[in-house]
Amino acid sequence: DQRNRVVFLGAGGVGKSSVLQRFLFGTFSEKYKETIEDLFPNEYDINSVNFKVDFLDTAGNIAFPAMRRLSIVNAHGFVLVYSITNEQTFEEVKQLWEQIKEVRENYQEIPCVIVGNHLDEENNRQIERFDALNWAYNEDLGGGFIEVSAKNDVGISDVFRLLLQQVKKPRVKH
Ligand code: GDP
Ligand code: MG
């Protein structure tokens, strides 16, 4: 039977592991522990239909381009994470999305959520919400954009709600 793989991608330190940790276990740690690759198998019953979802947490390290490409090839869904306090990490999300479009012919049908983490650090904001949302809309990802704080548990459950929404109703090409 089919397992669905949702891959977390984004620059190192943006909070990929923290978002997952918060969602799956309800916890947060200030300590930074670098990820190599972690797979979290899950099962959900939605309207009495059983969904098997594996969350893949990645290093987000572009030092391993082949590994990154493989994770894109094998994904059934994407969560692309940046930090609202670091412009470079948003650029990396844009690059990731370009690569996904390149590698996956049916990218319009693949659930994808863009996550701006570190919302608790509003004073250090470098990426305006409007600019990020505008980019997302232009890429037909507007319905899958959200700003969150893994630290303060803001918006985290919405990340997964937005993913699920796209499973039920794929984005359309314009
Ligand atoms: P990853 O490399 O993308 O997996 O990033 P991590 O999840 O390991 O987080 C990197 C560091 O940022 C850790 O020290 C976390 O405690 C911290 N961090 C993660 N999310 C947040 C957040 O929403 N707000 C703040 N202030 N710190 C965060
Ligand atoms: Mg990590």
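Visitor: Start with α2 and α3. How do they lie to each other, parallel or oblique?
Guide: Keep in mind that this is a predicted model. The axes of α2, residues 65-73, and α3, residues 87-103, cross at roughly 60 degrees, so the two helices are oblique to each other. Those axes come within 10 Å.

Visitor: Is that crossing right-handed or left-handed?
Guide: The crossing of α2 and α3 is right-handed.

Visitor: Which residues in α2 and α3 meet there?
Guide: From α2, R69, I72 and V73; from α3, Q99, I100 and V103. By class, that contact of α2 with α3 has four nonpolar residues, one polar and one charged.

Visitor: OK, over to the sheet. What is the strand order?
Guide: The order is β2-β3-β1-β4-β5-β6, six strands in an open sheet with mixed pairing.

Visitor: Which ones are the edge strands?
Guide: β2, residues 37-46, and β6, residues 145-147; each pairs on one side only. On average, neighbouring strands of this sheet are turned by 20 degrees against each other, ignoring direction.

Visitor: How do β2 and β3 run, parallel or antiparallel?
Guide: Antiparallel, with 10 bridges joining β2 to β3, which covers residues 49-58. As examples, E43 has K52 in β3 as its bridge partner, and P41 stands opposite D54 in β3.

Visitor: What about the hairpin, how many residues sit between the strands?
Guide: Two residues lie between β2 and β3 in that hairpin. N47 takes a positive phi there, near 50 degrees.

Visitor: And β1 with β3, in which sense do they pair?
Guide: β1 and β3 pair in the parallel sense, over five bridges. R5 has D54 in β3 as its bridge partner, and D54 in β3 also stands opposite P41.

Visitor: How many bridges join β1 to β4?
Guide: Four, and β1 and β4 run parallel.

Visitor: What are the bridge partners of F8?
Guide: In β3 the partner of F8 is D57, and in β4 the partner of F8 is V79.

Visitor: Now α1. Which strands does α1 lie across?
Guide: α1 lies across β1 (4-9), β2, β3, β4 (77-83) and β5 (112-117). Relative to β3, α1 runs at about 150 degrees.

Visitor: And how does α1 sit against α5, parallel or perpendicular?
Guide: The α1 axis and that of α5, residues 156-168, come within 9 Å and cross at roughly 90 degrees. That makes α1 roughly perpendicular to α5.

Visitor: Which residues of α1 and α5 meet?
Guide: V19, R22 and F23 on the α1 side, and I156, S157, V159 and F160 on the α5 side. Sorted by class, the contact of α1 with α5 has five nonpolar residues, one polar and one charged.

Visitor: Last thing, the ligand. How many residues surround ligand 1?
Guide: 21 residues surround ligand 1, and the closest are G15, K16, S17, S18 and K151.

Visitor: Where does the largest share of that shell come from?
Guide: From α1, residues 16-25, which supplies three residues to the shell around ligand 1.

Visitor: And by class, what is in the shell around ligand 1?
Guide: The shell around ligand 1 has 12 polar, six charged and three nonpolar residues.

Terms used:
Residues are numbered from 1 along each chain as its sequence is written. Chains are lettered from A and ligands numbered from 1 in the order in which they are written. This is a predicted model: local features need pLDDT of at least 70, side-chain atom pairs count only at pLDDT 80 or more; totals for chains, interfaces and linings use all residues. A residue is near a molecule or strand if its C-beta atom, placed from the backbone, lies within 6 Å of it. Ala, Val, Leu, Ile, Met, Phe, Trp, Tyr, Cys and Pro count as nonpolar, Asp, Glu, Lys and Arg as charged, and the others, Gly among them, as polar. Axes are lines fitted to C-alpha atoms, for helices over the stretch in contact, and angles run from 0 to 180 degrees between N-to-C directions. Angles under 35 degrees count as roughly parallel, over 145 as roughly antiparallel, 65 to 115 as roughly perpendicular and the rest as oblique. A crossing is left-handed if the near helix is turned anticlockwise from the far one by less than a right angle, and right-handed if clockwise. Two residues are in contact if their C-beta atoms, placed from the backbone, lie within 7 Å. Two strands pair if DSSP finds at least two bridges between them.
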